[in-house]
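Reader: I'd like to learn how to read a few features in a structure. Could we go through one together?
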Amino acid sequence: LEDRVSLSASVFHYDYTDIQVSQITDLQVNIENASEATVYGAELELSARLTPALSVDAALALLSAEYGDYVSCDAMAFPGNCSGGVVVLENVKGNPLTRAPERTFNLGLQYSVPVADFGQLMLRADGYWSSKVYFSHFKDPNESQDAYRVFNLSGEFAPANSRLL
């Protein structure tokens with residue numbers, strides 16, 4: 001299509017061993033080896049120049065990222081029980097990796113227009129969506145962020161005959 005459209009796709013698989021995980025225990029950060037984790041994913045990206053002035057870009061990412069056998073102590077659920085006394089251990093096998101959303105999507109539109117002899121004006125709108133993420137390997141709903149959206153609007157002016165841009 002005369003170099004107006006670009007489509008990229010990728011599929012990937014990671015098989016981690018001895019992946020390191022940080023956890024706050026009794027006001028200190030501890031690093032543990034989480035044994036193993038498996039990640040499967042796919043990404044699709046599209047960019048298109050619809051007209052000389054209007055372009056669009058979009059991306060979709062799908063992710064399955066889980067811990068394998070990994071036994072740890074949940075310091076948030078059992079305060080004081082991870083550094084001494086009775087230690088409560090939990091196997092988090094099958095829980096999602098921290099900060100790993102299952103789905104993300106973004107969409108952007110950009111419009112550029114000349115402004116008389118003064119230069120070029122570019123207006124852009126972006127949207128991003130992410131599914132829920134967990135901040136703890138224990139899949140605790142209190143240590144998570146629900147799905148969210150972010151919208152941005154921006155403008156840029158490039159003066160004619162300028163070396164700035």
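Reader: How many aromatic pairs does a search of the whole structure find?

Author: Some housekeeping to start with: this is a predicted model, where local features need pLDDT of at least 70, side-chain atom pairs count only at pLDDT 80 or more, and totals for chains, interfaces and linings use all residues. Residues are numbered from 1 along each chain as its sequence is written, and side-chain values use heavy atoms, with hydrogens and water left out. Now, rings of Phe, Tyr and Trp (its six-membered ring) pair if their centres lie within 6.5 Å; planes under 30 degrees apart are stacked, over 60 edge-to-face, and the rest tilted. The search turns up four such pairs. Take Phe12 and Tyr14: their ring centres are 5.6 Å apart and their planes sit at 45 degrees, so this pair is tilted. Ring pairs also join Phe12, Tyr14 and Tyr16 into a cluster.

Reader: Is Tyr14 buried, partly exposed or exposed?

Author: Buried is under 20% relative accessible area, exposed is over 50%, and partly exposed is in between (1.4 Å probe, protein chains only). Tyr14 comes out at 41%, so it counts as partly exposed.

Reader: Next, pockets. What volume does the largest pocket have?

Author: On a 1 Å grid over the protein atoms alone, a pocket is an open set of points where a 1.4 Å probe fits, with protein on both sides within 12 Å along at least five of seven lines; lining residues have an atom within 4 Å of a point. Points are joined across faces, edges and corners, and the volume is the space filled by probe spheres set on them. Here the largest pocket has about 370 Å³. It has 19 lining residues, with Ser22, Gln23, Ile24, Phe135 and Ser136 closest to its centre.

Reader: Which strand gives the most to that lining?

Author: Strands are DSSP runs (E, at least two residues), numbered from the N terminus. Strand β2 (residues 20-25) gives the most, with five residues.

Reader: And what is the second largest pocket like?

Author: Its volume is about 210 Å³. Of its 15 lining residues, Pro96, Ala100, Glu102, Tyr134 and Lys139 lie nearest the centre. β5 is the top contributor, with four residues.
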